[in-house]
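Welcome to the tour! Please open your viewer and get ready to select residues as we go.

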Amino acid sequence: MKTKILVTGGTGYIGSHTVVELQQAGYDVVIIDNLSNSNAAVVDGIEAITGIRPAFVEGDCTDLDTLRTLFREHPGIKGIINFAASKAVGESVQKPLLYYRNNLVTLINLLTLMPEFDVKGVVFSSSCTVYGEPDRNPIDETAPIKPATSPYGNTKQISEEIIRDYVASGAPIKSILLRYFNPVGAHPSALIGELPLGVPQNLVPYLTQAAAGIRPELTVFGDDYNTPDGSCIRDYIDVVDLAKAHVIAMERMLDGKDTEPVEVFNLGTGRGLSVLELISAFERATGVKVPHKIGPRRAGDIEKIWADPKRANEVLGWKAEADIEDTMRNAWAWQQHVTKH
């Protein structure tokens, strides 16, 4: 009997890649997604890659009754990976209530139902934004949690606190909090990737759309930061590497080993790249020019941040392996696939 996992937001970018890795590792997967920033056709892509069609429920995790029905109709779910959240920093500054409602109510509903349906643990999709503007780089898990620079970042901090408080209250669950740095790229098959609805809020899909002529040009937000080339520095992690970390975290959590009830891991490469360096890496990898211009700084952006992934490397036994140029090639192959279809 395969272990059954619920992936919320499972047709989204990171969610879909994680479903692929879970299925390839032998898990039985149920997806719930409200398709607010994804497409049901993603399930076809997952099936084409793995040969297995995951169960798919179109529904909103902010609705407790919808979730309760899902757990009844798909009995035996042992773990949850929660990706169901709004995730654009800039948009969160403009629409804070949307972010608080979506990101926090979803989590509270899942935690409420876990003991009722004997779900053992939740892997939570957190973010390096919880560290705010860091005092030093690279950042390990002992770095202080700073006041959030955006409502999005604040929802991640509050969500972590909710999980800790709930577990501390005696709830019979475990949790692993995965603080991602910047996920980029696409599956090497080019059958799934990052496909936001409307204008992309994230750098790489905007970059590939600009390279494909769908957008006139990419705007680099600021070139006057205290960095070697003036543009912001981030730790760009390949989405397949990131997805694999979730499978390892789930195995660790469900193993019943003597682990802490709540554990935290930073997921990154340990290397900082500036926005302009990323554009150059894409151009080198693909031979395609990215039309871009320098614009003003953007509200909520952090100057520079990259991970110290030592704890994830040593304790989880996970390591980011992809080369940034391979990652950019995969992102471009996905963009070409989308443009054709």
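Is phenylalanine 71 buried or exposed? Select phenylalanine 71: its relative accessible area is 2%, so it is buried (buried means under 20% relative accessible area, exposed over 50%, partly exposed in between, with a 1.4 Å probe and protein chains only).

Before moving on, note that this is a predicted model, where local features need pLDDT of at least 70, side-chain atom pairs count only at pLDDT 80 or more, and totals for chains, interfaces and linings use all residues. Residues are numbered from 1 along each chain as its sequence is written, and side-chain values use heavy atoms, leaving out hydrogens and water.

**Aromatic pairs**

The structure holds two aromatic pairs (rings of Phe, Tyr and Trp, the last by its six-membered ring, pair if their centres lie within 6.5 Å; planes under 30 degrees apart count as stacked, over 60 as edge-to-face and the rest as tilted).

Next, select phenylalanine 282 and tryptophan 332. Their ring centres are 5.6 Å apart with planes at 90°, so the pair is edge-to-face. This pair links distant parts of the chain, 50 residues apart: phenylalanine 282 sits in helix α9 (residues 275-286) and tryptophan 332 in helix α11 (residues 324-340) (helices are DSSP runs of H or I with at least four residues, strands runs of E with at least two, numbered from the N terminus). Phenylalanine 282 counts as buried at 0% relative accessibility, and tryptophan 332 counts as buried at 13%.
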